[in-house]
Amino acid sequence: MKFYDDFLGTDDCNITLPFVGGDSKRQFIENSATQPPDWYYHTHDISYEYNSFGHRSKNINQIDLDNYVLFTGCSHTTGIGLKLEHTYPYLISQKMQCSYYNLSVPATGIDVLEHNLLIWISTIKKKPRAVFIQWPDHSRFITYNERYSVGSERGSWSDDPADIALLVNGEDTGLFNARKELARKLIIQTIKTPVYSFNYANLKPYGNKYSSLSQIDDARDLSHSGIKSHASFADKIYAEITN
Amino acid sequence: MQFYDELLGHDPSDLYNSSGHRCKELSDLNLHNYILFAGDNVALGLDKPIEETYPYLVSQALKTDYYNLAIFNGGLDALKYNLISWNNVVAAKPKAIVISSEFANSFIVADSSYVTWKACDYNDSKVKDLFDAGNTNGFFDTRRVLANKVLVKITNAPVYQIVFKDKVPVMTDNVTNINCENNHLSIATQVTDVIRKQLVKVRP
């Protein structure tokens with residue numbers, strides 16, 4: 001993970017990749033062997049196009065800042081394991097007939113989400129029509145090495161003893177609860193535009209009125225939500241917006 | 001600790017105004033001529049009368065009004081939250097922002113229902129373990145890097161940072177550092193001198 005003009009993005013920028021992260025080529029080969037002959041991904045490829053800020057999105061200067069919406073979250077919002085056209089950000093923006101920017105960074109948590117949104121709001125003067133926030137697991141965090149200008153994602157998968165101690169004690173002391181709610185309050189009061197909050201599956205909600213992205217089918221990596229899940233979720237969110 | 005119209009303040013007490021801050025009421029503040037203070041224990045000066053604290057002394061010397069957002073043991077969490085919220089809540093820009101933090105790595109904790117808010121307890125063994133872990137893996141350093149970048153973007157006035165010996169400063173960019181001893185009179189003198197010089201510089 002790197003900073004690009006103060007935004008945090010993946011290490012991959014200005015590049016198109018056939019596989020990324022957990023949706024690796026090796027995983028694909030393993031998954032292929034277990035899937036039926038009509039599995040969609042036997043015959044369809046995925047292209048991950050990352051822009052100049054390491055986001056799976058058009059560049060800022062390519063979006064219509066007079067008519068756009070903003071998405072942020074983790075890998076579920078990036079659409080890992082899905083073609084771009086099957087991801088819920090793409091589908092919702094199509095339904096709303098507007099441009100969109102996707103600030104999400106896979107495997108990251110509240111700190112990156114809050115940071116990117118606050119930087120967006122303070123940098124891009126034109127406001128989005130709406131902001132869609134997929135709140136990630138609240139215990140995730142990043143560490144950033146200023147000397148080498150590289151950040152790394154930490155979470156339940158970390159095996160570093162210090163990371164594990166921080167994850168356990170962050171939960172037990174209430175640090176993560178406070179961090180989550182402080183971020184939510186700051187974002188809501190700073191954005192001043194409609195915010196739609198939701199999370200993945202059964203993660204603990206961040207508010208009262210809440211939706212969740214369920215997993216009714218699998219993406220190519222057999223780990224993230226699939227094509228039907230994203231389409232159904234886009235329908236649900238769009239219905240919330242229009243009602 | 002609780003929220004008052006978006007700002008984070010102390011629980012009600014005779015020491016604080018109705019927003020839980022050690023200064024006059026926000027509604028009484030001269031928004032055309034004020035300095036904003038934020039930080040933690042030193043900025044509060046709870047061991048002395050308010051008239052002997054450096055926010056009061058600086059504002060008297062510079063003939064300005066002031067508001068003090070400092071939170072006891074609030075660390076970077078409270079400082080960042082309140083400065084950004086202030087920017088959202090109060091339209092009038094301060095003439096200057098003065099920050100200080102004795103305990104930048106301190107953090108705020110809350111229960112899962114967000115009813116109880118307080119500064120972490122340094123005597124709690126889990127807090128101690130968390131400090132050790134966060135200093136080892138870079139959690140606290142990273143928190144400062146992120147906060148610094150956001151505060152540089154969002155703060156809308158010159159920022160002066162009181163830096164105490166052996167204490168980690170919160171901000172590294174777009175800030176005027178003032179190295180001070182932990183003595184309110186001396187802090188006030190130094191801060192007043194630096195701000196006065198800067199204000200003279202920007203006059204036409």
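For the angles I took axes as lines fitted to C-alpha atoms, for helices over the stretch in contact, with angles running from 0 to 180 degrees between N-to-C directions. Helices (H or I, at least four residues) and strands (E, at least two) are DSSP runs, numbered from the N terminus.

A reminder to myself: this is a predicted model, where local features need pLDDT of at least 70 and side-chain atom pairs count only at pLDDT 80 or more, while totals for chains, interfaces and linings use all residues. Residues are numbered from 1 along each chain as its sequence is written, and chains are lettered from A and ligands numbered from 1 in the order in which they are written.

**Chain A, helices 4 and 6**

I began with helix 4 (residues 110–123) and helix 6 (residues 175–191) of chain A, whose axes come within 10 Å and cross at roughly 15 degrees. The two helices of chain A are therefore roughly parallel (angles under 35 degrees; over 145 is roughly antiparallel, 65 to 115 roughly perpendicular, the rest oblique). Helix 4 of chain A passes helix 6 of chain A in a left-handed crossing, that is, the near helix is turned anticlockwise from the far one by less than a right angle.

**Where chain B meets chain A**

Next I checked the two chains: 33 residues of chain B are in contact with 31 residues of chain A (C-beta atoms, placed from the backbone, within 7 Å). On the chain B side, helix 3 (75–89), strand 6 (108–110), helix 4 (125–137) and helix 5 (139–154) each supply at least two residues.

**Chain B, helices 3 and 5**

I then looked at helix 3 and helix 5 of chain B as a pair, and they pack at about 20 degrees with axes 11 Å apart. That makes helix 3 of chain B roughly parallel to helix 5 of chain B. Leu76(B), Lys80(B), Leu83(B), Ile84(B) and Asn87(B) of helix 3 make the contact with Arg143(B), Arg144(B), Ala147(B), Leu151(B) and Ile154(B) of helix 5.

**Phe72(B)**

Last, I found Phe72(B) in the loop between strand 4 (65–68) and helix 3 of chain B. Is Phe72(B) buried, exposed or partly exposed? Phe72(B) has 18 C-beta neighbours inside 10 Å, so it counts as partly exposed (20 or more within 10 Å is buried, 12 or fewer exposed, in between partly exposed). Leaving out residues up to four places away in sequence, Phe72(B) touches His10(B), Asp40(B), Asn41(B), Leu44(B) and Ala119(B).
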